[in-house]
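Me: I am new to this structure and would like a quick tour. Can we take it one question at a time?

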Amino acid sequence: MKKIKDIFRNSIKNTKVDQQSLLLLIIFVIVMVFFSIVNTDKGFISARSVTSMAVQLAEIGILAVAMMVTILIGGINLSINATANLGVVLSGYFLFLMYPPPETGGIAAIFTQITMPDNPASWVLIVAMIIPLIVGVISGILNGYLVGYIGVPPILATLGTLSLFTGIAAGLTKGRTITGFPDQFAAIANGSFLKIPIPFLLFLLITVITYIILNHTTLGFKMRMVGTNVTASEFSGINNKAVIMKTYIISGVLASVAGIIIMSRTMSAAYEYGATTYVLLTILITVLAGIQNGFGNVINIFISMLILQALSTGFQMMLQGVRGSTFFKDFSWGVLLIVIFVINYLVRRRKSKATGNN
Amino acid sequence: MEEELLRVEGITKRFGGVTALDDVSFSINKGESLTLVGQNGSGKSTMIKIISGVYTPDEGDIYIDGKHYGKMSPLQSIQAGIQVIYQDFSLFPNLTVAENIALNDLIISGAKTVNWNEVKDFAREGLRKINVDIPLAALVQDLSTADRQLIAISKAILADAKLIIMDEPTTALTQNEVKALFKVIHDLNQQGIATIFVSHKLTEVREIGERTIILRNGQKILDQDATELDIKTIEYQMTGRHIDRSSIQYSEPKEDEVIFEVKDFNLSHGFFDVSFKLYKNEVLGITGLLGSGRTELALSLFGQKPADSGTIILEGKEIKINSIFDATSNGIGFVPEDRLKEGLFLPQTINNNIAAKIIDSLKNKLGFLDQKKKMDLAGEWIERLDVKTPHGELPASSLSGGNQQRLVLAKWLAFNPKVLILNGPTVGVDVGSKAAIHDLIRNLAKEGMGIILMSDDIPELMHTCNRILLMHRGRIVEEFDRESTNEDDLNTKLIADDRDENQKRQVE
């Protein structure tokens, strides 16, 4: 009996990740209880508000997973948002080619409004959906090649591809927003299955698949090793280049999926949608979720997203009609991040004091 | 000179339930040279940290120059003239030699502007005090480990050190550099500065120290004149058991069966015309000083730095090694020199470290990673190599140096290579683990694994190898048979070559 207790205690002591999950869950519960009380009359836990939260958090959540896998292997991917945007811009460009607008001087003249026929061929719609995913794969190959094979530091390589992708998308659209995507596409962001919004289901599915990859495949194992010590993994016969390449491809494809959801929600594609905030936000979420090089649990990304979304919606409801209330969201996120840092620091310090450092 | 400088009395220090030091007392006189010896975990590092004020002892007293310190802070320790030189030297690699030496003084003086001439004069003075000559304008990152160490020492002297503690200072030095360091230490002692020298290498203990203190499991086991000690006694007192060398069973190589052969192997700026054969059941040693091409040869055989030309024949078939993948898929394993950087995933679990090489073979039928298989495999190797740990889910960083090295070995042995290349497999490993690793190496050879052991630790080579090749300036210059040579002979040859080289350098 004592042995079992020891094993249990040891496993708790030594799984940093699970501690982080516990901390995040506690914070999530506190946040939910707080806003439920403050916003009772406004219906914080009403079906409508929960649904709207579920849609909003999905796209950033998926981008955060795209960021997370690269940070796990000791890299970073600044080009996720640019990849997402380029994917849907090219998709729009393709629809434009298929159904050129009437009475204008060709594609180059205007490129803002897609005129869809009443009954578009279904293969066109399918190809338009696949194009962003292909862009995601190409983005991943490019990043993976630069980082893994050439040896460019990840932050520089992906900053380069960020500029490259944004530049291509801006050139194609002349800086304008493409609108008029086929109505069928709206179903992705607005549809639901068993009353759960599809974007949320996609986020959940991606979280589960990523969890399986990271924790139950040899690729996930190798990713952790590469993230922990890239030299030792090379000397252990792990093919670092392939691991890095695969990771950036996963990241690119996930970014594209987020791009499709954004396109479906806004029914438009812009070369710089979310450019200034999304990437930093995903880094914040990754840090919040306790992801480090070689260590981390994708479930924590999921819980972190729930917290951030609850904070954002909660404050919005609470301060409805107050001027400048939207800034309070950023403020609360900042506070949360600092609180978690401090808690983690205190926990670590207590631990190292207890064991000594000889 | 018999004036007492430092005395500690009844020092006890506990971490949680572990007693790191148990009622230890000793003293050191001015200008005395003391060596502190003990296996990993014997309490050496804890003792140093107590003397330097990093840790506060649970019980016991510290007296420096007759003054009693109950609780001593690091600052008080420095003010009392105690300087510790840790293995990383605490230098700024991107600054010049002069800047590094003068930095402390600059900060203390509180001047807002820097007088560069003063800085240089100050640094020159520091180097003169230990009679060495290092260009003041050189960047520390471009210097050898030995030079960095000398800079750290001159820094300590300029801080008015009365006692300089050096934590395993010779780990990364060549034999000649060790000699030079010893001379500096002797000079310091002449000037009345006491030194405490912490080491694993037993031959050094006899050379440098006037007096030796041995710690074992946190207790002082021995404190006596170094001249009265022989290596066998030190070994016995450190480990608590006799390591019997006379009974070593060397396996007889089968000279008609060549496992591995290298012909006309070349790498520009690395090694030239290297050819050798490895027979079955044989441990082949390759030695040479830093820069002899030994490490480059190891890296080329493992595909990390592919050779420019040459032939490799494994079990009668010619193979090409242009990448680590080529090497491992042909069954060549490699235990690298730098355990921490190249061998281990320190924060990862012990289990993960052992499984890292053969992870692809630990899948279940569905292609997913089989966690249970991984645990079982790791558990088996923890037992077979006697890794001392409560369980395999602890991080590798929780282990001592010797046990960490066993992890690196386990990772490769789980892969069951045909040829295993080991580069400096016992650097920074305590005597007990060292003997165990040597036993293991000999047994592996006996079981038929081809072993190439690269090392500059002469006793290690003599205790494990059947033949020893000496490399110098990228070439194999001599071959020794264990039975027809001895340690002193090999040592002289190794250093003679180095001296040669230094003379040539001066001529050039």
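Me: What is the strand order in the open sheet of four strands in chain B?

Reply: Keep in mind that this is a predicted model. The sheet is open and its pairing is antiparallel. From one strand to the next, the twist averages 25°. The order is 12-11-14-15.

Me: Which are the edge strands of that sheet?

Reply: An edge strand here pairs on one side only. That holds for strand 12 (271-280) and strand 15 (317-319) of chain B.

Me: How many bridges join strand 11 to strand 12 of chain B?

Reply: Strand 11 covers residues 254-267 and runs antiparallel to strand 12. One opposite pair is B:K254 with B:K280 in strand 12 of chain B. The bridges number seven.

Me: Which helix lies across strand 11 and strand 12 of chain B?

Reply: The helix runs at about 105° to strand 11 of chain B. In the sheet of six strands, it also touches strand 13 (283-287), strand 16, strand 17, strand 18 (450-454) and strand 19 (467-472) of chain B. There its direction makes about 150° with that of strand 17 of chain B. It is helix 9 of chain B, residues 294-301.

Me: Why is one side of strand 16 and of strand 20 of chain B left without a neighbour in the sheet?

Reply: The open sheet of six strands has the order 16-17-18-13-19-20, with mixed pairing. Neighbouring strands are turned by 20° against each other on average, direction ignored. Strand 16 (332-335) and strand 20 (475-481) stand at the edges, so each has a single partner strand.

Me: How many residues does each chain give to the contact between chain A and chain B?

Reply: The two chains bury about 2600 Å² between them. Carbon and sulfur atoms account for 60% of that area. The contact takes 28 residues from chain A and 37 residues from chain B.

Me: Which element gives the largest share of the side of chain A that touches chain B?

Reply: Across the interface there are 11 residue pairs in polar contact. On the chain A side, the elements giving two or more residues include helix 1 (2-14), helix 8 (198-216) and helix 9 (218-228) of chain A. The largest share is six residues, from helix 9 of chain A.

Me: What separates the C-alpha atoms of A:T166 and A:Y271?

Reply: A:T166 is found in helix 6 (residues 154-173) of chain A. A:T166 touches A:A82 and A:Y271, leaving aside residues up to four places away in sequence. A:T166 and A:Y271 are 105 residues apart along the chain, yet their C-alpha atoms are separated by 6.1 Å.

Conventions: Residues are numbered from 1 along each chain as its sequence is written. Chains are lettered from A and ligands numbered from 1 in the order in which they are written. This is a predicted model: local features need pLDDT of at least 70, side-chain atom pairs count only at pLDDT 80 or more; totals for chains, interfaces and linings use all residues. Side-chain values use heavy atoms; hydrogens and water are left out. Contact means heavy atoms within 4.5 Å. Buried area is the accessible area (1.4 Å probe) that two parts lose on being put together, summed over both. A polar contact is a pair of N or O atoms within 3.5 Å; within protein, one must be able to donate a hydrogen and the other to accept it, and residues adjacent in sequence count only if both atoms are side-chain atoms. Two strands pair if DSSP finds at least two bridges between them. Axes are lines fitted to C-alpha atoms, for helices over the stretch in contact, and angles run from 0 to 180 degrees between N-to-C directions.
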